[in-house]
Every structure is written in structure tokens, then in C-alpha cells.
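Here is a short report on a protein structure. Take a look at the sequence and the 3D view, then read on.

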Amino acid sequence: MNRKMLSMKIGTALVGLALALAPLTPAAAARLGNDTVLNAASGVTINVQALDKTMSDGKTVRFWVWCAGGGGSGGMGGGGCYPSGPTLELGVGQQLNVSLSVMMAPQENAPYNGHTIHWHGLDVAQSEDGVPETGASVLGDNYSFSVDSRYVGSHMYHCHVHTVKHLEMGMYAPLVVKAVDSAGNFTNVINSGGPTYDYEWNLMYSSVDPAYHTAVGDSTVFADYNPKYFLINGNEGRSSTAPAETVTAAVGKKVAIRLFGVQSVNTTFQIKNASGSSQSFTVHNKDGYKLPSTQTLTSLNLSPGQTADVMVTLPTTSGSWYPQVTFKNLRNGGAYSGGTVYTRLNF
Amino acid sequence: MTIALALARTSARRLFVALLCLPLFLISAVSQAASYTLYIKAGTHTINGAGGTTLKVWGFTDNAGTGPMVPGPLLESQEGETVMVTVYNQHTLAHNFVVRGVTTDTASIPAGSSKTYSFTTPKAGTYLVSDTLNNNINREMGLHGALVVRAAGGVNQAWTNGPSFDLERVWIVTDMDKPRWNDIAGNGGSVSTGTYKPNFFMMNGLGGHDAMHDPNTVLQDSPGKVGLVRIVNAGQFDQSLHFHANHFRVIDDDGLRLSNPEYGDTINVQAGTTAMVLFPLRSGIYPMHVHSAQLETANGVYLNGVATLLVGQ
């Protein structure tokens, strides 16, 4: 029996789901989650589409989302046309090659027309920074740069036009810098010189004030933020029985969980087991930079704009954990009503 | 209403040398004294640019002949100095003057009275100055500022033998709720403090329209120079400040010196706390802005909130 067959057999036996485990090799980790993943060095074209999403209360919110290569499906998969997609990965030393097209893009009137991409966390030159106020084109652009090994970890990319609205609208997604081997293939280390992982999983947090989705221009609506929906990877997950995302990994394996905080309020991340006990995890990177020393915690705060890379080792007996994020207001840290978003990690 | 580092002093420093003879050691200690006279006044504060407004405020000033400053005059000293601050309350309400973590006298200064505070600065760092009375109303109305304590001798180190820097800035960030707090309190009314929906956000009293051009706020020098940024959140909302262009190192987290600093591009400075970061400038012009929805705005108008520039040229 080869490794792939063995993995599939274990996966099927453990969870009885249609999810098959990818082959585990030293240089590539299995991916958890539903995100569309693209190599940013491969020549990606990003455009923007409107997406009407029905929320848990039956109301519809219009998002503007990134789509790769024309997108078209309007849902998960395809070109990654959903809030928090598509994920871009970039190898150390490799040349990012991304074009932004705003043809047919939903947009505001001047002075907030058009879109850009800001490579949040990558310290790129002013010409690649995607900030209209410092010279970036809002009518489409080609982005090209490379980063060194300090940046191995989690970052994000988002529109930087009228960000009080455009960031809210859904034009954000994970950007992960990967270490590479001598052949240029991505390797599964959490940071340069850091430990390897068997699985990786991206969790992007966002918050939604529906009033911000309909207001435009210099509206006083943007003076007061009242989030009604809280998302991980573009989905509400209002209870552990209706999680935003459910994934399955093999017991005893190491999982890298990448946390991307693009929401506009404070948050706390925790992992709880089926009986509600908090599980510890180890933080390796913050804001895409290796920590001077790792931190083993049971809760981790991410404020707006922060990222973190954490790792857990799964138990050797099967079960489920519930990684979850509680969204909190900026005044006193009180949790929002319905402000905890659950995910589920089966093993 | 900007912070001028040298402007705040109201009297010249007196330098004196104290020689302390201990049984086994002869220690030569150099001590200075800084003194300030502050006045608490009611007045107005204007945020320029689109979305800007004029707010009713209460503030400290070091000029008996002018209105309040928001934030108050920067107080400066060096490690181990004695600082004397005399505060004249020229407002109709009771106020106080507290340097967080340094002074302990929170008793009020009655309207029309004055009080002199004398304290020795404990260690180099950045401290919130505020009026702590009246359930946050007095601080929100503008009675806040900062004390900067530099390394002995005024050398460009965050503290004696601490990390070096080439230039420094003090960023006092805050928020104000004009309709529900400033308009009410400024007219003598009673603020319902359970609700706070600030619609103005400032750096050193400025909206982004001005803060992106203010030489005491913009971090500007040659590429490669290292800026020490002292951040004071005098407001009631936590502020998550995102730096473009480079990662900073956090060297002081609310008074806690970090010997093994973390890198970051976004720092959450909680309401009422401080932080110090070292930021190496790189060639070009880049923004620094808060990453939270309305905090980037002046009453909803984009980029007239908490935003400034990082300029390497």
C-alpha cells in the first residue's frame, strides 16, 4: 500500500466523509479549508465582482469581491469569488506577478473610483504599495516584487481605495509567503528555520456593517460602525453545530492555522474541545514575522490589520475541536451579541 | 494646536549637582528640575479639512492668554529629574492632573483654585497625562496629553543604554463624540456616558488632513534612519495602527520594556495606554493609519481621521 492509499484509508475510516487526505510528503502539506489557492508568481489576474450574499437573518448584503482570471461562478471555488478569496501564495525570492483589472468592476464615483491592491504586511516599494494618495493607479495595475525569508508567514492583500468602505465590501484575502526548496517548490515550514507542519488552514476574520455596504462617498454613515455579521472565510458560523467551515485532518498531526484579521473591531481566538475546554496552541509568527520566541497560549487577540500563525498538534484519538473567534467592541472589549464565529476541526 | 517639543516649557531648567557621599561609594548624581505652569480652560478646537468641525473642548494650555490646547502641552523631562507642575483651574468645574503610573494625587482642584504637583520621573518612557475625573468626560473633552521622559543626558536612546534612535515623534491619538459628549458637556449638560459613538479621531489634535503634513507628526528623515515613535492613546477606543513600508519593533508595551522585541506592522494601542516602537524609514512616502473603519474618518469623511505619513527622503 503506498502512502496515498494509506492516507485515504485512514481518512475514510476516521471520519467517514468524502474528504480524502492529500498525500503527505516532506515538502508539501495538506490543505484544509475551501479556499481557492493561487501561486502569485504564476501570472494571476485579479478583478472585482459584485456578490449578493444572503445572511443568516435572511437579509441580503452586497459584497465586492476579488475574482481570479475572470471568476464567473459567483460562489466558492472557481476564481475565488467570495469575501476572503482567493488566497495567494508567494515563494521567497520569487517574483510576484499579479495584474489588477477594474474593467466592469463595481465601484464608487470619483474621488473614490477604481480599486488597487495593497500588499498588507509586505514591505514593498511605494510604487507597489497600492495607495492612491501616494501615487497608485486606481484604474488597474501590474504588481511585481519579491520578498525575503523574513516574510515567511501570513499577510493579506486588500483594496486601498476609500478603505473605510472598500475594505468592508469584501476585497480582502490571505497572502501567504512560503519558504522554498532548492527547486523552488514551497516547503511546509511555519517560518524560516521553524518547524514543519502536516496541514495548513487559513482563517480570515471580517466584520460586516450592512449600512457601510450601501453608503458611498463622504457619508456620515462611515462615522459610526455597527457590525451585524461576523465572518470567517466569508461565512457566518454562529454555533458549533453550524460552523463557518469544517475541516478534517489525521490524528496526531501538526496543523498550522493562519489567522488574518481584516475586521474592524477587536477579536479573541480560542480553540475549544467538545466539552468547552480551551486547548493550547503555539504562536510562531505575528504580522508575518517570526517571533523572537514562540508563545504557547489558550487565547490570542488580533486587532484590525494583524495576522498570526499558530500551530497545534492534534490528539492521537479521534474527536473534534472548535477553533473560534469572538468579536469585541473597541470601547471596552465587550463581546458583540452573536459575535462568536465557530469553525470545526475533526480528527 | 500641534505639539512643539520645545514649546511647552514655561520656565528655564535649573541645573544643580548633588553629590551624595555613601559609606563605601562616592556617587555623583546629576539632577535637573523642569517646571510647568498649566491652565485649565474651556474653549474650542477645530479640525480642518473636509468633514472637519469645531468642537467644544476643555483643555490644558501653558499660555495664560490663549484658549485650551488639545492635546495639552507636551511635558518633557529626563530620567531621575524632578518635575513641578502648577495647574490653575480656570474652568467652572473641578478637575485634576494625573500622570498615569507616576503621580497618585487624584483629588480635585476646585474651580478657580490651583495646585502644585512635584514628582521625580521613575524611568524613561512615555506617559499619559489626563484629568481622571468625571467618568472619562474630562479626558474626552480634551484634558489629556503626555509626559515624555528621556534617557539621562538627553541622548538618543529610548532609555539609558536602551535602543538607539535617530529621530522621535509623539503621537497622541484620541477620539471625540461631538453630538453626544462635546456638545452636551460643552453646554453644561449631563452626558449619558453609557453611549459613546465618537465621530472625530485625531493624532496630536489633528485630523489626517493636517496630520499628514504636520512636521511634528509626520515621521520624516533619510532612508535608513530609525524613528522612535511614542504612541499615547488618550481616547476611549482601542486604536490599531498600521505602518506601511516597514515592520517596526515594539520596545515598550505600556511601560513594560521588551528586551526581545517583536516585529509587527500593526500595533493595537488600547485606550488609556502607551507604546513605543522603533521604525526604520525606507525610501518613499507611505501612510500610517488606523485600520478600523470609522477611525480613519472625520465624521465619515475618509482620511481625515487617524492617518499620517512615513517619509524616507
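Predicted model: local features only at pLDDT ≥ 70, side-chain atom pairs only at ≥ 80, totals over all residues.

## Two domains in chain B

On one side are 30 residues of domain 1 of chain B, in contact with 34 residues of domain 2 of chain B. Which elements give two or more residues to the domain 1 side? They are strand E3 (54-61), E8, helix H1 (137-140) and E9 of chain B. E8(B) supplies the largest share of that side, 5 residues. By class, the domain 1 side has 13 nonpolar, 14 polar and 3 charged residues.

## A four-stranded sheet in chain B

E8(B) and E9(B) also belong to a sheet. The sheet is open and has 4 strands, in the order E4-E9-E8-E6 (chain B). Its pairing is mixed. At the edges are strand E4 (75-78) and strand E6 (98-99) of chain B, and each pairs on one side only. Strands of a sheet pair through backbone hydrogen bonds, either parallel or antiparallel.

Walk across the sheet from E4(B). E4(B) and E9(B) pair in the parallel sense, over 4 bridges. Next, E8(B) and E9(B) run antiparallel and are joined by 6 bridges. B:Val129 has B:Gly145 in E9(B) as its bridge partner. Last, E6(B) pairs with strand E8 (residues 125-130) of chain B in the antiparallel sense, over 2 bridges. B:Val129 turns up again here, as the bridge partner of B:Val99.

## The enclosed strand E9(B)

Why is strand E9 (residues 144-150) of chain B described as largely enclosed by the rest of the structure? Because 7 of its 7 residues are buried.

Its residues point two ways. B:His144, B:Ala146, B:Val148 and B:Arg150 point one way from E9(B). B:Gly145, B:Leu147 and B:Val149 point the other way. Both sets are buried.

## Chain A at a glance

Chain A has 3 helices and 22 strands. It has 347 residues, and buried residues make up 51% of them. Take the contacts in chain A between residues at least 6 apart in sequence: 68% of them join residues at least 24 apart.

Strand E19 (residues 307-313) of chain A is mostly covered, with 6 of its 7 residues buried. Strand E14 (residues 254-261) of chain A runs antiparallel to E19(A), and 7 bridges join them. Among these partners are A:Phe260 and A:Thr307. Strand E16 (residues 281-286) of chain A also pairs with E19(A) in the antiparallel sense, over 4 bridges. There, A:Lys286 has A:Ala308 as its bridge partner.

## The nonpolar core

How many residues does the largest nonpolar core have? It has 178. A:Val255, B:Ala146 and B:Leu310 have the most contacts inside it. Strand E4 (residues 60-68) of chain A gives the largest share of this core, 7 residues.

Look at A:Val255. Not counting residues up to four places away in sequence, its contacts are A:Tyr197, A:Asp198, A:Tyr199, A:Trp201, A:Ala249, A:Met311, A:Val312 and A:Leu314.

## Where the chains meet

Between the chains, 36 residues of chain B are in contact with 34 residues of chain A. Several strands give two or more residues to the chain B side: strand E14 (239-243), strand E17 (263-264), strand E18 (266-269), strand E20 (284-290) and strand E22 (301-302) of chain B. E20(B) gives the most, with 4 residues. The chain B side divides into 12 nonpolar, 19 polar and 5 charged residues.

## Confidence in chain A

The mean pLDDT of chain A is 91, and 90% of its residues reach 70 or more. Two stretches call for a second look. Over residues 1-26 of chain A, pLDDT stays under 50, and the model has 27 contacts for them beyond four places in sequence. Over residues 70-78 of chain A, the pLDDT is below 50 as well. This second stretch has 19 contacts in the model beyond near neighbours in sequence.

Conventions. Residues numbered from 1 in each chain as written. Chains lettered and ligands numbered in written order. Pairing = 2+ DSSP bridges. Buried ≥ 20, exposed ≤ 12 C-beta atoms within 10 Å, placed from the backbone. Contact = placed C-beta atoms within 7 Å. Nonpolar A, V, L, I, M, F, W, Y, C, P; charged D, E, K, R; others polar. Core = buried A, V, L, I, M, F, W, Y, C linked by C-beta atoms within 7 Å. pLDDT = per-residue confidence, 0-100.
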